[in-house]
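Reader: I am new to this structure. Please take me through its aromatic rings, one step at a time.

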Amino acid sequence: MSADADSGSNRPADSDQAIIDAFLDALWMERGLSGNTLSAYGTDLRGLAGWLAARDRTLHGARRQDLQAYVADRIAGGMRWRSIRRVLSTIKRFYRFQIRSGRMAEDPSARIDTPRLGRPLPDSLSEGEVSALLSAPDTGTDRGLRDRAMLELLYASGLRVSELVGLQAGALNRTHGVLRLRGKGDKERLVPVGEEALDWINRYLEAARPALLKGCNDTDALFVTTRGGAMTRQAFWYIVKRYAKQVGIERPLSPHTLRHAFATHLLNHGADLRAVQMLLGHSDLSTTQIYTHVARARLQEVHAQHHPRG
């Protein structure tokens, strides 16, 4: 565990150290926990005991408001939420043991809620970064034209990378600009492509795809390589990272980065959450709702930057 739990605190009182040692011994006897786990428990509790000692309190004399103040102090000191959860878990376990063993009558940690960890926000790109990325391929070459068509389609439709590279040529209705595809759980959905992406796909199909296949028409894959086969997920992701580096996007990206940008930018421009859910192929709306946090953060940033009282 971290040094940040102990930073700025005094040594625990001797009586508290003895109580901590008894608790750790009991855990070892009852649960057979590893040395590393017991050491982490000990560090967490010594951090609390030292903090209490600096305020003339002991572990057995701590009140609920003391524990809440300690947690607030850890948060103010920059401790991460995951570490806060772990410290609280240790504290609650310690006090439950004290009650169970008859050493205390009331549990001061009983009504302290453990903060829930939010789902990690997806990596995304700004609209300017997306524009730069889409413009990176050299469309004067067959491979560059293919790459531009793939990037445009990925951003226009919010496809998963696996769905993109698995597309068959017959999945695209070029007249109506709609893709018919099967996603997770073998669920079929229709996805609009958009005029810009459709234009690049048509140019790719008319010029680059035949040239890449070199007269070999043994594959039905929409996007192909110079070897005449379908583009793989790994190969395409290498291409994306290369173009990102080319336009100065240095931070790590994930294979879903353009899919995340698709969802975030739709919401930023007022799209309905359920419509985005359908486009992404999410079976559960809660899966889509994470993007509202990303969009809200962007709106707050715009408000702070441009509102006269932001």
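Author: What follows is a close look at the aromatic rings and their neighbours. The model is predicted.

Start with the count. The structure has six aromatic pairs. A pair of rings is described by two things: how far apart the centres are, and the angle between the planes.

Take W51 and Y70 as one of the pairs. Their ring centres are 5.4 Å apart, and their planes meet at 65°. Planes over 60 degrees apart count as edge-to-face, so the W51 and Y70 pair is edge-to-face. Now place the two residues. W51 is in helix α2, residues 35-53. Y70 is in helix α3, residues 64-76. The pair therefore ties together parts that are 19 residues apart in sequence. W51 and Y70 are both buried.

Next come F94 and Y95. They also form an aromatic pair, and this pair is edge-to-face. The centres lie 4.9 Å apart, with 75° between the planes. Are these two residues buried or exposed? The cut-off for buried is under 20% relative accessible area. F94 has 0% relative accessibility, so F94 counts as buried. Y95 has 1%, so Y95 counts as buried too.

F94 and Y95 belong to a cluster.

Two arginines complete the tour. R203 lies over the face of W200, 4.0 Å from the ring centre. R242 has its charged end over the ring of Y243, at 4.9 Å from the centre of that ring.

How values were computed
Residues are numbered from 1 along each chain as its sequence is written. This is a predicted model: local features need pLDDT of at least 70, side-chain atom pairs count only at pLDDT 80 or more; totals for chains, interfaces and linings use all residues. Side-chain values use heavy atoms; hydrogens and water are left out. Rings of Phe, Tyr and Trp (its six-membered ring) pair if their centres lie within 6.5 Å; planes under 30 degrees apart count as stacked, over 60 as edge-to-face and the rest as tilted. Helices (H or I, at least four residues) and strands (E, at least two) are DSSP runs, numbered from the N terminus. Buried means under 20% relative accessible area, exposed over 50%, partly exposed in between (1.4 Å probe, protein chains only). A charge sits over a ring if NZ of Lys or CZ of Arg is within 6 Å of the ring centre and within 35 degrees of the ring normal.
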